[in-house]
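Let's take a friendly walk through this structure, one region at a time. Have the viewer open and follow along.

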Amino acid sequence: MPRRSARAHLLGLIAVAVLPVWLFAAYLLVEYALHEQSRFEQDALQTARQVSLVVEAELLNLQTTVDGLSKSGSLAKGDLKVFEDEARRLAQGTDKIIALRDLDGCQLANTQIAQGEPLPPVDPVTTDEREKLKSAGVSVSNVFVAKDSTDYRVAVERRVSGPNGEEWLLSVSVPTALIRDVMLPAVPQGWTVGIGDRHGSYVARSKQHEEMTGKPGLPEYVEKIVRPHGSFTARNFEGTTLLAGYYRSPYSGWFYTANVPLSEVQAPLWRSLAAIGGIGAAALLISLALAYIVGKKLTQATIDLAGRAESLGNGREVRPMSTSVAEFATIAQAMVNAEHAITERTRELQTVLETVPAAVWFTYDPQARQVIRNRFAAELMGLPTVTSKSFGAPDLVIDTVAVKDGQRVAREDRPLSRAMRGETIDNQEFAYILPSGAHRYLLSSARPIREPSGSIIGAVQISLDISERKRGEEQRQLLLNELNHRVKNTLAVVQSIATQTIRNAADLPEAGRNLSSRLVSLAKAHDALTRQNWSGADLGDLIANSITAHAPLDRFRISGEDVWLSPTVALSFALALHELTTNAIKYGALSNGAGTISIAWTINGEEGGRKLKLEWRESGGPLVTPATRKGFGTQLLTRVFDNEQSGGVVLRYEPSGLLCVFHVSLSRQTIAGATT
């Protein structure tokens, strides 16, 4: 076989020693870059969902307007003039246009056209639209432009019946610029968000809205939106390749897309590859240069080869030797430099393992209880990092609880132990509970370490800390669940109010007045909570807002310390105060000119278990006698506080006036001064 010089062999040895380190660093960095791309895809999908929530809420507000108008008494009687006056008052000062038409294109009312002027015909309702309105009752339109106008708009429409059973269509429309303004606060910096209707035309766009609204989207872009949600890559109008996440709303049928240039997503990968190439090339050149210099010295020491070979094999220091025999001196010096190179490579590997942002464990213990860990692994498990300790010295593993898919994982079933049995583990997520009580979420991969013969001598595990990502996912799910919970609760409250109001009303006009009053009270409570981002409401402000709409404040004596109520409790109090105030106006202390009402509250108990006691006491009104039956107000007062875990509400009809006492438990977030 061909022979080469010791210098050539040393150069090859250094190259082989550097290359695994280079590839190992490349693997970690590429994994990081691919993880970043996956995160961009999740961010795009999440951004599309968030924008859909904001815009759909605005569409639901428009539906509320249509629903309210559809219940107008003048509309039921066919008095279109009175109905048009109501619609104009509702649309006054806004960009809304409220219109009433029949299904054949004849307009009956339109707030955009001055009263008295003839109403031009519009396009008749298509067969598909009629079927949709017949099945759903309410629909959200595609983007459209009115005749003789360049104002692109969208509308929420409801099918209503005329006094003689005619089929009419009631709609409220807004310009698409309003949709753009509503979604902008939810658009992250650097992203472009677009909204498309069911035909693929732009409704709104966070950038270049005026140029794009009403125009059809690129076919090759729109045709990729085939599922309820997902992500894809496509080119935009400027030819830029985008990474897009989309979500199609089941309510409106619109789709929402969040786009970011693909170059920004791939930037971490290219930067990582460039860094790997530069660092690796520099390391290789430096190593080759050092090898060349050392190689020249190898020719000067070749004596006592057996002793130096034995020292090298036993891990002892190999000292340089001088001899007149150049061949032996060269071999001896080669051993000296080999010992130096092994030590240097060990330090390099230690430096890499102590620098990369990943936890690394090695084990050569068949039970995987003795492990060698890097600094990040020690920090991740809450262990002190001892810099003076020699790398490679094994330690006992710490006693942790591991969980996967909700099930506890025994130590022998964890990645490092499984790798010692020859298994290969890729990117599996585990939750760990440390002895300190801290929780960690790790994304782990493990491989067995084998001898050339194939037998396993050890194992290595690499883990990335994904705790923050998991907590973020849990927080997003919690927020989504909270939103669903609030919407369901609100709809349940509205349904209960409507049912009980109609059931207890003497006639339909009375039911309409009572229902409208109660819904307005509920809406004001919602407005107060919305101003505080649904973090809660101050009890004093809530009381003032609830009673000023019905009676002057000088008839009330209000006292109590500052109390911050959770959203659920605030809504319950708003409904209760409305019922008490209207009852006092009809029958109690506010039904004459001399009666007064005292509202006072106190907080009892220790931190974390405090209770609010609020008293509503009427005096100076007519003589009070107990009610012969429970009306809707009494039922509402008892029902809305059934779930407060506090004893509910007590009503006493004293001769001097009604006494109503509320007992409500306060969580730590609802104590005075809390805003989170």
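We begin with two helices: the axes of H15 (residues 539–548) and H16 come within 9 Å and cross at roughly 35 degrees. Here axes are lines fitted to C-alpha atoms, for helices over the stretch in contact, and angles run from 0 to 180 degrees between N-to-C directions. Helices (H or I, at least four residues) and strands (E, at least two) are DSSP runs, numbered from the N terminus. Before going on, please note that this is a predicted model, in which local features need pLDDT of at least 70 and side-chain atom pairs count only at pLDDT 80 or more, while totals for chains, interfaces and linings use all residues. Residues are numbered from 1 along each chain as its sequence is written, and side-chain values use heavy atoms, leaving out hydrogens and water.

Which residues bring H15 and H16 together? From H15 come Leu542, Ile543, Ser546 and Ile547, and they meet Ala570, Phe573, Ala574, Leu577 and Thr581 of H16; contact means heavy atoms within 4.5 Å. By class, this contact has 7 nonpolar, 2 polar and no charged residues (Ala, Val, Leu, Ile, Met, Phe, Trp, Tyr, Cys and Pro count as nonpolar, Asp, Glu, Lys and Arg as charged, and the others, Gly among them, as polar). H16 itself is mostly covered, with 16 of its 20 residues buried, where buried means under 20% relative accessible area, exposed over 50% and partly exposed in between (1.4 Å probe, protein chains only).

Of its 10 residues, the number buried is 1, so H4 lies largely in the open. Just after H4, glycine 137 takes a positive phi of about 85 degrees.

Now turn to the sheet. Its 5 strands are ordered S8-S7-S11-S10-S9, forming an open sheet with antiparallel pairing; two strands pair if DSSP finds at least two bridges between them. S8 (202–205) and S9 (229–235) stand at the edges with a single partner strand each, so one side of each is left without a neighbour in the sheet. On average, neighbouring strands of this sheet are turned by 25 degrees against each other, direction ignored. S9 pairs with S10 (residues 241–248) in the antiparallel sense over 7 bridges, and serine 231 has glycine 245 in S10 as its bridge partner. Helix H5 (residues 176–183) packs on the sheet, touching S7 (192–196) and S8, and its direction makes about 40 degrees with that of S8.

Finally, look at glutamate 58, which sits in helix H1 (residues 6–70). Glutamate 58 touches Leu178 and Val182, not counting residues up to four places away in sequence. The C-alpha atoms of glutamate 58 and valine 182 are separated by 7.6 Å, although these residues are 124 apart along the chain.
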